[in-house]
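Please look through the sequence and the structure shown here, and then follow the explanation below from one part of the chain to another.

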Amino acid sequence: MPGVAGDKQTIVANCTSANGKPPSEITWQSIVPGNFSTTVTNNTDGTFTVNSQYRIYPTSTANGKTVTCIISSRTAKAPQSIPVVLSIQYPPEVSIAGYDDNWYINRQQAELTCSASGNPPPTKYEWKTTDGEPLPKTVDVIGNLLVVRTVDYLVNTTLICEASNALGTRSAQLEVMVRDSPNTAGAGATGGIIGGIIAAIVGIAVVATVVMICKQQRKNQTLKDDEDLEGPPAYKPPPPSVKLQGQDTASTYKESETEEYVPLKPVSFESPVLAAAHEETQMQTLYQEVTADESLGHSEHVPSTEDDYLEQINPIYNHLSYPASDHYEDNKGFIMSRAMYV
């Protein structure tokens, strides 16, 4: 409920919890100093109605502030909060703004503003002088604004602004001093203040820019470190060089090629044993041919104990036996062990 500013304590908010069982509990929360009173009514049906009133000394500063009614009950899961915005009515509070203490002769467009607040808002403004004289002809009044087109000595007086609303009229006054020449000291002070404000703004902008750049560089460095740690290695080794074995083999074969070449007929075998036997047979044949060329004669074949042993192991070795040379001592120039080709 609305209240009127004054020095008497006034009810500004009312909160009620009706027909509850058991009765509810009501409390208040607010930044506006005040107190409250609570009454409980026992209804005929066994329920209870709780009513609480919040009281303050109403002032203009309390207008628009919020007080909160909190209703708690044992049957409710959580307390219920009900905010109330205070409406305090008060007459206008008036002030005059715009005077810079540098009104000089022939200054153009000097302005004053009558600032007033109230509830309800002021609807009427009036400018006048303290001596009751009418305003100079060089002065125009537009609502709460007073405009001096050209400053002269006629405005060297005390000006009053009055503002009115439904609760009354309030006023403020300002003494104007007209100078012969501009007040450079005041202008310098004003310029210094403006310059200081601009310098502060520029300094804050520079600091903010440096901080943002540092943060961005740190972020980029962090991302780079993460990529170096988690990403694949940047170095890619060159592919290994492949050396064709056939080329070296062919060249080696050509270098080791003898004057006499005995071609061998390729034979296909079904097992590794037969392949080995065939290879040993070829080697024995070559050995016998070389031995026959270098020896003066041939002796009859005398089976050796080793040949008998091979026959006992596997009959296939019967084909691998070869005649022993009678001139063993004469053939010392060429010695080949069977272990070399077995």
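In this predicted model, Val148 is in contact with Trp103, Gln108, Gln109, Ala110, Thr138, Val139 and Val155, once its neighbours within four places in sequence are left aside. Val148 also belongs to the largest nonpolar core, which has 19 residues, and together with Trp103 and Leu112 it is among those with the most contacts inside that core. The elements that give two or more residues to this core are strand S8 (88-97), strand S10 (108-119), strand S13 (145-150), strand S14 (158-165) and strand S15 (168-175). Apart from this core lies another one, of 15 residues, which includes Val12, Trp28, Ile56 and Ala62. As a general background, nonpolar side chains in soluble globular proteins tend to be buried together.

Turning to the strands, we find an open sheet of three strands in the order S2-S5-S4, with antiparallel pairing. Strand S2 (10-20) and strand S4 (35-42) stand at the edges and have a single partner strand each, so one side of each is left without a neighbour in the sheet. On average, and with direction ignored, neighbouring strands of this sheet are turned by 15° against each other. Between S2 and S5, which run antiparallel, there are eight bridges, and Thr10 stands opposite Ile56 in S5.

Which strand holds Asn51? Asn51 lies in strand S5, which covers residues 48-56, and its side chain makes polar contacts with the side chain of Asn14 (3.4 Å) and with the side chain of Thr16 (2.5 Å). Not counting residues up to four places away in sequence, Asn51 touches Asn14, Cys15, Thr16, Ser37, Thr38 and Thr39.

Technical notes:
Residues numbered from 1 in each chain as written. Predicted model: local features only at pLDDT ≥ 70, side-chain atom pairs only at ≥ 80, totals over all residues. Heavy atoms only, no water. Core = buried A, V, L, I, M, F, W, Y, C linked by side-chain atoms within 4.5 Å. Buried < 20%, exposed > 50% of the residue type's maximum accessible area, 1.4 Å probe, protein only. Helix = DSSP H or I, 4+ residues; strand = E, 2+ residues; numbered from the N terminus. Contact = heavy atoms within 4.5 Å. Polar contact = N/O pair within 3.5 Å; in protein donor to acceptor, adjacent residues only side chain to side chain. Pairing = 2+ DSSP bridges. Axes fitted to C-alpha atoms, helices over the stretch in contact; angles between N-to-C directions.
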